[in-house]
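Work through the exercises below with the sequence and the 3D structure open. Try each task before reading its solution.

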Amino acid sequence: MAALTLDIFRASKSFGGLRALDDVSMRVAAGSVHALLGENGAGKSTLVKGLIGYSPLDQGSILLDGRECAIASPRDAHALGVGMVYQHFTVAPGLTVAENLLLARGRLPWNISWKKEHAALARFMDTMPFRVALDRAVGGLSAGEKQKLELLKQLYLQRRLLILDEPTSVLTPQEAQEVLGLVRGLTQRGQLTVLMITHKFHEVMAFADTVTVLRKGKVVGHAAVAQTNENELASWMMGQARVAAAAAPRKSVAPDAPVALALEHLRVASDRGTQAVRDLSLQVQRGEIVGIAGISGNGQKELVEALLGQRRILDGTVKVNGSPYHATREQMLAQKVFSLPEEPLHNACVAGMSVAENMALRDFDRPAMRRGWRVNRAAMQSRAQKLIAAFNVRPPAPESAIDTLSGGNVQRAILARELSEPVNVLVAANPVFGLDFAAVSDIHARIVAARELGTAVLLVSEDLDELLELADRIAVISNGVIVHVTQARDADRAVLGHFMAGREAAAAR
Ligand SMILES: Nc1ncnc2c1ncn2[C@@H]1O[C@H](COP(=O)(O)OP(=O)(O)OP(=O)(O)O)[C@@H](O)[C@H]1O
Ligand SMILES: [Mg+2]
């Protein structure tokens, strides 16, 4: 049996005065899938970064098959057969599947025989329970296929314990089912042991054998999945019973509400110089949420970047309240067009700066935030404190560097900044990506509240459930074009799925 048993014994790790991991012990049996659950900031990433050697633990032991191991770097972890698959793909899009696999090995001989290597790779693929064609370019693979390739790469590197950090967050529900089914199969065959971080209860219930819940750095519960349920897990996570918030009744959009955001015949370039967005026209009224549904990579990212002034518009116009809009900083402030971009740590923050400074990025040059020619630190600090409390950012420390916050808390800090005053237009791209369930309902409520106050919301999401829940209208984007528009209350999931898949269907023909 290749699968490793993992024991973590009394692991601790502190950052300054914060005990991010506090005496954590747990066991993952060989050939099982073990889920690691916990609210944002609970210590999940800190634990797995210790296991993979990116940021070694302060104290505690890691045992593989009962033997204590020193893991001081990812290289140590890899040598022991421990690997990791991330939320985002690490495969190189410009290369083929075969090239990606070979390069993953690291050192290649200078006189590589492609023919021999290809034959060896083909033999490897034959031993796998699923495959991806070796000669395909990775750039042309769907998200599900890329995640399969990430798994194959780990198996090719002979990993025996795999850590998955929210592995399905960029997949469609069908792809997620398939990939987790494959993972499960590999563990059941005894090839692999899996430790999986996820925020999705249904994935835990359907695909994990056992689960550990962390809260504020401590283990608060262990269970066999067959002997627990979602409510128990949620109450462990939050330290209280889960209260389902009743959805507030919503006004319907007034038919004569003015158009706040109008996109007219937009064309936007991709990084490769082709057109990612082609002749896209769409209107969002005041007090309306228009959802853009689509499989990742169909032009959503480029559309959002264009609306935020981060990408050149080749042709067409954007109008806000009837006037042409060019997404400069001055215009964003004057017209109150705010945004929640994807991956806020990269796209909406300055990593080295504090939470308070990041919260002031929009308006540090406005009179309220100035004292003469200097920034009014006291005003900045006290406003940050209020936003931190209102949006429940943890830890509640305005002076900490934003890149030391957990993923979910970065997201909350940026939301707090963008929704701290009434806005005309809000552009949100996958706004709850990586957030725990409590934060998801919190942020959804805030988006709906903004709508009730008259904000026009353009909500780009790969999560159909999110769109069906929040949007008034849903537009499907496929290959850079809006291929279908419907009222959300009349929307049919299967029909939406059909239009979303348009591009792959076209490519297969
Ligand atoms: N390099 C660092 N410096 C200071 N504090 C840190 C650092 N890395 C993590 N922390 C803190 O440790 C705690 C645990 O963070 P961690 O990233 O492990 O949470 P998480 O469970 O992965 O959360 P999420 O679901 O949001 O990803 C948080 O309070 C975080 O702010
Ligand atoms: Mg994390």
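Predicted model: local features only at pLDDT ≥ 70, side-chain atom pairs only at ≥ 80, totals over all residues.

**Exercise 1.** Find the buried residues of helix 17 (residues 493–500) and decide where they lie around the axis.

*Solution.* Step 1: a residue is buried if 20 or more other C-beta atoms lie within 10 Å of its own. In helix 17, Leu496, Phe499 and Met500 are the buried residues. Step 2: these residues are on the same side of helix 17, because the arc they cover around the axis is only 100°. Step 3: recall the general rule that an α-helix has 3.6 residues a turn, so residues three or four places apart point the same way.

**Exercise 2.** Describe how strand 9 (residues 210–215) and strand 10 (residues 218–224) are joined, and examine the turn.

*Solution.* Step 1: the two strands run antiparallel and are joined by six bridges. Step 2: one of the paired positions is Arg215, whose bridge partner in strand 10 is Lys218. Step 3: two residues separate strand 9 from strand 10 in this hairpin. In the turn, Lys216 has a positive phi of about 45°.

**Exercise 3.** Identify the pairings of strand 11 (residues 259–269) with strand 12 and with strand 14.

*Solution.* Step 1: seven bridges pair strand 11 with strand 12 (residues 275–285) in the antiparallel sense. Val259 is opposite Gln285 of strand 12. Step 2: the hairpin of strand 11 and strand 12 has five residues between the strands, and its Gly273 takes a positive phi near 90°. Step 3: strand 11 also runs antiparallel to strand 14 (residues 313–320), with six bridges joining them. Here Arg267 stands opposite Asp315 of strand 14.

Terms used. Residues numbered from 1 in each chain as written. Chains lettered and ligands numbered in written order. Buried ≥ 20, exposed ≤ 12 C-beta atoms within 10 Å, placed from the backbone. Helix = DSSP H or I, 4+ residues; strand = E, 2+ residues; numbered from the N terminus. Arc of directions from axis to C-beta. Pairing = 2+ DSSP bridges.
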